[in-house]
Amino acid sequence: MHIPFTRPHPVLPHEAPESAGRVERRALAIWPRLNHRALHRCHGNVARIAAQVAHRTKMTPKAIEKLIADK
């Protein structure tokens, strides 16, 4: 008997906003040793990137957001 494999939840493609790449590049320029895969999983969300960076620095997430956000 053959049972086809189906995923329990469909995987939908995720389009990041146009500014996502700029925010990720800006974060990597300031903190070059960040994990670029982890940043990519944040999909350009400034708050999520700030949370990732806050683990590596004494800066507050709000200060990090101001540094990397598109103005």
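Let's start with Arg 22. Arg 22 sits in helix H1. This is a predicted model, so every value I give is computed from it. Is Arg 22 buried, exposed or partly exposed? Arg 22 is partly exposed, because its relative accessible area is 35%, and the buried class needs a value under 20%. Now look for Ala 69. Along the sequence, Arg 22 and Ala 69 are 47 residues apart. In space, their C-alpha atoms are 8.9 Å apart.

Stay with H1 for a moment. The helix covers residues 20-30. Which of its residues are buried? They are Ala 20, Val 23, Glu 24 and Ala 27. Look down the helix axis. Those buried residues fall within an arc of 95°, so they line one face of H1. Now turn to the other side of H1. There, Arg 25 and Ala 29 are exposed.

What covers the buried residues of H1? The cover includes helix H2, residues 36-41. It also includes helix H3, residues 46-54, and helix H4, residues 61-68.

Let's step back to the whole protein. It has 4 helices and 0 strands. From the N terminus on, the order reads α-α-α-α. The protein has 71 residues, and 21% of them are buried. It exposes about 6000 Å². Carbon and sulfur atoms supply 57% of that area. Next, contacts. Take those between residues at least 6 apart in sequence. Of these, 37% join residues at least 24 apart.

Ala 27 lies in helix H1. Why does Ala 27 count as buried? Its relative accessible area is 0%, and buried means under 20%. Who touches Ala 27? Leave aside its neighbours within four places in sequence. Ala 27 is then in contact with Leu 34, Leu 39, Ile 49 and Ile 68. Ala 27 and Ile 64 are 37 residues apart along the chain. Their C-alpha atoms are separated by 8.8 Å.

On to H3. At the start of this helix, look at Asn 45. One of its side-chain oxygens reaches to within 3.0 Å of the backbone nitrogen of Ala 47. Further along, the buried residues of H3 are Ile 49, Ala 50 and Val 53. Seen down the axis of H3, they fall within an arc of 100°, so they line one face of the helix. What do they pack against? The buried residues of H3 pack against H1, H2 and H4.

Pick out Val 53. It is found in helix H3. At 0% relative accessibility, Val 53 counts as buried. Not counting residues up to four places away in sequence, Val 53 touches Trp 31, Leu 34 and Ile 64. Val 53 and Leu 39 are 14 residues apart along the chain, and their C-alpha atoms are separated by 9.2 Å.

Those names bring us to the core. In soluble globular proteins, nonpolar side chains tend to be buried together. How many residues are in the largest nonpolar core here? There are 11. Which helix gives the most? H3 does, with 3 residues.

Not counting residues up to four places away in sequence, Cys 42 touches Arg 48, Ile 49 and Gln 52.

Now the loops. His 43 is in the loop between H2 and H3. Its phi is near 55°, a positive value in a residue other than glycine. At 30% relative accessibility, His 43 counts as partly exposed.

Last stop, Arg 56. Where is Arg 56? It is in the loop between H3 and H4. Arg 56 counts as exposed, because its relative accessibility is 55% and exposed means over 50%. Not counting residues up to four places away in sequence, Arg 56 touches Arg 33 and Leu 34. Arg 56 and Trp 31 are 25 residues apart in sequence. From C-alpha to C-alpha, Arg 56 and Trp 31 are 9.0 Å apart.

Methods: Residues are numbered from 1 along each chain as its sequence is written. This is a predicted model: local features need pLDDT of at least 70, side-chain atom pairs count only at pLDDT 80 or more; totals for chains, interfaces and linings use all residues. Side-chain values use heavy atoms; hydrogens and water are left out. Buried means under 20% relative accessible area, exposed over 50%, partly exposed in between (1.4 Å probe, protein chains only). Helices (H or I, at least four residues) and strands (E, at least two) are DSSP runs, numbered from the N terminus. The arc is that of the directions from the helix axis to the C-beta atoms. Contact means heavy atoms within 4.5 Å. A polar contact is a pair of N or O atoms within 3.5 Å; within protein, one must be able to donate a hydrogen and the other to accept it, and residues adjacent in sequence count only if both atoms are side-chain atoms. Accessible areas come from the Shrake-Rupley method with a 1.4 Å probe; for residues, only the protein chains shown count as cover. A nonpolar core is a set of buried Ala, Val, Leu, Ile, Met, Phe, Trp, Tyr and Cys residues joined through side-chain atoms within 4.5 Å.
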